[in-house]
Amino acid sequence: MIRSLPFADALSVLRAAAEETRLRILALLGEGELSVSDLTDILGQSQPRISRHLKLMVEAGLVERHREGAWAFFRLVEGVSGLVEPLIAAMDRNAPPLSEDRARLQAVRAQRAEAAQSFFARIAPQWDRVRSLHVPEATVEAAILDVLGPGPIGSLIDLGTGTGRILGLLAPRATRATGLDASHAMLSVARANLERLGLSRVDLRQGDIHAPPFGRGSFDLVLVHQVLHYLDDPARALREAARLVAPGGRLLVVDFAPHDLEFLREAQAHRRLGFAPEQVSAWLGDAALSDVQVRELAPSGDAEHRLTVTLWLAHERSAATLAREVA
């Protein structure tokens with residue numbers, strides 16, 4: 001939705017867009033976030049020159065910048081970008097220079113995907129070992145879709161997004177999708193995976209799950225999928241996750257039930273060996289959420305499958321209270 005702009009601000013936005021390189025950058029950002037390095041490779045211009053153009057567009061409110069370790073990524077500002085998106089959409093992408101820019105964009109994404117998958121290939125054996133211990137991921141994902149129901153999701157955030165798999169599952173149903181992870185390397189994997197699915201407009205951010213850089217009530221659905229067992233203070237992480245839930249929103253937690261596989265502490269850096277249903281439910285209640293639904297996905301009889309996966313779905317308390325009063 002385009003927000004109302006004062007005349008002077010609208011004029012500033014249009015002036016910022018009315019230059020060849022900047023218009024080409026806007027067309028590229030219309031297909032997803034990019035770094036300065038990406039843009040220098042695509043446009044064949046120096047980093048200082050690209051940075052100057054980006055600085056001007058950030059100041060005009062057309063583009064926003066966020067840090068990811070030593071990297072900086074840029075994307076169109078939601079709302080204000082609606083002033084230029086119709087222009088971008090009307091331009092002929094099959095003619096130079098935009099056709100050439102898009103071809104180089106695909107090459108840059110292919111290189112980025114190759115580097116990300118090379119990293120993940122090194123850690124995949126560890127992930128595969130854990131996956132072999134619990135019910136198939138397809139079963140867990142089917143349960144997630146079932147507990148969330150068929151209705152619209154609205155805005156969502158996946159805290160500790162890892163490879164972006166859950167974003168790939170849910171982002172097509174969301175009006176706005178965001179992934180947060182502490183690892184730049186894992187965000188690179190997620191970015192490559194989501195681009196391969198045609199979800200390049202998902203917002204990926206580097207940050208701490210204990211201090212997510214978003215305002216209170218920013219998301220309709222908050223997910224914490226297979227993250228809590230890595231944390232020293234999972235209760236604090238859930239309090240922060242609950243802070244992000246919008247009025248009437250939901251928080252979904254997916255993690256392991258209590259188990260005795262001690263080797264996961266050293267081999268996989270697990271800090272906690274699962275969580276009892278009542279423990280997480282109590283934390284969610286302490287975080288001012290209620291109407292907690294719990295579902296357990298028990299492993300099969302196979303001796304190698306030893307981990308039960310538990311889902312907790314909690315609701316923002318004021319909305320739940322109102323629903324009970326109406327009933």
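Q: Which residue stands opposite L221, and in which strand does that residue lie?
A: In this predicted model, strands β7 (219–225) and β8 (245–256) run parallel and are joined by 6 bridges. Strands of a sheet pair through backbone hydrogen bonds, either parallel or antiparallel. Across from L221 stands a residue of β8, and that residue is R250.

Q: How many of the residues of β8 are buried?
A: A residue counts as buried when its relative accessible area is under 20%, and in the chain as a whole, with its 327 residues, buried residues make up 51%. Strand β8 is mostly covered, for among its 12 residues the number that are buried is 10.

Q: Which element gives the most residues to the largest nonpolar core?
A: The largest nonpolar core holds 34 residues, and those that touch the most other members are I144, L156, L170, L252 and L311. Several elements give two or more residues to this core, including α8 (165–170), β5 (174–181) and β10 (309–316). The element that gives the most, with 5 residues, is α7.

Q: Which residues does L170 contact, leaving aside its neighbours within four places in sequence?
A: L170 belongs to the group of core residues that touch the most other members. Contact here means heavy atoms within 4.5 Å. Once its neighbours within four places in sequence are left aside, the contacts of L170 are I144, L145, L148, I153, L156, L221 and L223.

Q: Why is one side of β1 and one side of β2 left without a neighbour in the sheet?
A: The open sheet is formed by 3 strands in the order β1-β3-β2, with antiparallel pairing. Strands β1 (34–35) and β2 (63–68) each have a single partner strand, so one side of each is left without a neighbour, and the place where both stand is at the edges.

Q: Which residue of β3 stands opposite E68?
A: Strand β2 pairs with β3 (residues 71–76) in the antiparallel sense, and the pairing extends over 6 bridges. Opposite E68, the residue found in β3 is W71.

Q: Is R191 buried or exposed?
A: R191 lies in helix α9, and, when residues up to four places away in sequence are not counted, R191 touches E33, E68, F73, R112 and L204. The relative accessibility of R191 is 4%, and because the cut-off is under 20%, R191 counts as buried.

Q: Which helix gives the largest share of the lining of the largest cavity?
A: The count of cavities of 30 Å³ or more comes to 3, and the largest cavity has a volume of about 60 Å³. Among the residues that line the largest cavity are G32, E33, R109, R191, L194 and E195, and the lining as a whole divides into 4 nonpolar, 2 polar and 4 charged residues. The largest share of this lining, 3 residues, comes from the helix of residues 184–196, which is α9.

Q: What distance separates the C-alpha atoms of Q117 and A190?
A: Q117 has its place in helix α6 (residues 98–131), and its relative accessible area of 30% makes Q117 partly exposed. When residues up to four places away in sequence are not counted, Q117 touches V189, A192, N193 and R196. Q117 and A190 are 73 residues apart along the chain, and their C-alpha atoms are separated by 9.7 Å.

Key: Residues are numbered from 1 along each chain as its sequence is written. This is a predicted model: local features need pLDDT of at least 70, side-chain atom pairs count only at pLDDT 80 or more; totals for chains, interfaces and linings use all residues. Side-chain values use heavy atoms; hydrogens and water are left out. On a 1 Å grid over the protein atoms alone, a cavity is a set of points where a 1.4 Å probe fits but cannot get out, and a pocket is an open set with protein on both sides within 12 Å along at least five of seven lines; lining residues have an atom within 4 Å of a point. Grid points are joined across faces, edges and corners, and a volume is the space filled by probe spheres set on the points. Helices (H or I, at least four residues) and strands (E, at least two) are DSSP runs, numbered from the N terminus. Ala, Val, Leu, Ile, Met, Phe, Trp, Tyr, Cys and Pro count as nonpolar, Asp, Glu, Lys and Arg as charged, and the others, Gly among them, as polar. A nonpolar core is a set of buried Ala, Val, Leu, Ile, Met, Phe, Trp, Tyr and Cys residues joined through side-chain atoms within 4.5 Å. Buried means under 20% relative accessible area, exposed over 50%, partly exposed in between (1.4 Å probe, protein chains only). Two strands pair if DSSP finds at least two bridges between them.
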